[in-house]
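Hi everyone, thanks for coming.

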Amino acid sequence: MADTRFGLISYDQEQARVLIRTPSFNFDDFPTLADELLQLLSAKVLEKQWDADLYSWLIDFEGAQLMLKAEHYSESVWIEALTKNDSQEELAFLASLFERGF
């Protein structure tokens, strides 16, 4: 398999969450990494929020509002629906993209 920067760790349809493999990052590096990811997905940021160790960005992906979240201590990055019943089609599509890696 070719080396890719972004890939799929898991897709939890029940929890409406796509866990993403990313390059290593720290709290200060995440905005640059997230901007790269969102540019590759042709998604845009609607709102940014961050706490002591968690980034939560509201994004628009093909008309669907999703949350891009990252926790820097565990270097975990995921995209989730605003509610469990929202955006299932978009999350399944994202999971398939990340499964191929890019």
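**Starting from isoleucine 79**

Let me begin with isoleucine 79. Setting aside residues up to four places away in sequence, isoleucine 79 touches Ala16, Arg17, Val18, Ile20, Leu41, Leu66, Met67, Leu68, Leu91, Leu94 and Phe98. Do keep in mind that what we are looking at is a predicted model.

Which residues touch the most other members of the largest nonpolar core? That core has 28 residues, and the ones in question are Phe30, Leu41, Leu68, Ile79, Leu94 and Phe98. Two or more core residues come from each of β2 (17–21), α1 (30–41), β4 (54–61), β5, β6 and α2. The largest share, six residues, is given by α1. As general background, nonpolar side chains in soluble globular proteins tend to be buried together.

Next, histidine 72. You will find histidine 72 in the loop between β5 (64–71) and β6 (76–81). Is histidine 72 buried or exposed? Histidine 72 counts as buried, because its relative accessibility is 16% and the cut-off for buried is under 20%. Apart from neighbours within four places in sequence, its contacts are Phe25, Asn26, Phe27, Ala52 and Asp53.

Last stop: glycine 101, in the segment after α2 (88–100). With a relative accessibility of 18%, glycine 101 also counts as buried. Glycine 101 and glycine 7 lie 94 residues apart in sequence, yet their C-alpha atoms are 4.4 Å apart in space. Leaving out neighbours within four places in sequence, glycine 101 is in contact with Thr4, Phe6 and Gly7.

That's my tour, thank you!

Terms used
Residues numbered from 1 in each chain as written. Predicted model: local features only at pLDDT ≥ 70, side-chain atom pairs only at ≥ 80, totals over all residues. Heavy atoms only, no water. Helix = DSSP H or I, 4+ residues; strand = E, 2+ residues; numbered from the N terminus. Buried < 20%, exposed > 50% of the residue type's maximum accessible area, 1.4 Å probe, protein only. Contact = heavy atoms within 4.5 Å. Core = buried A, V, L, I, M, F, W, Y, C linked by side-chain atoms within 4.5 Å.
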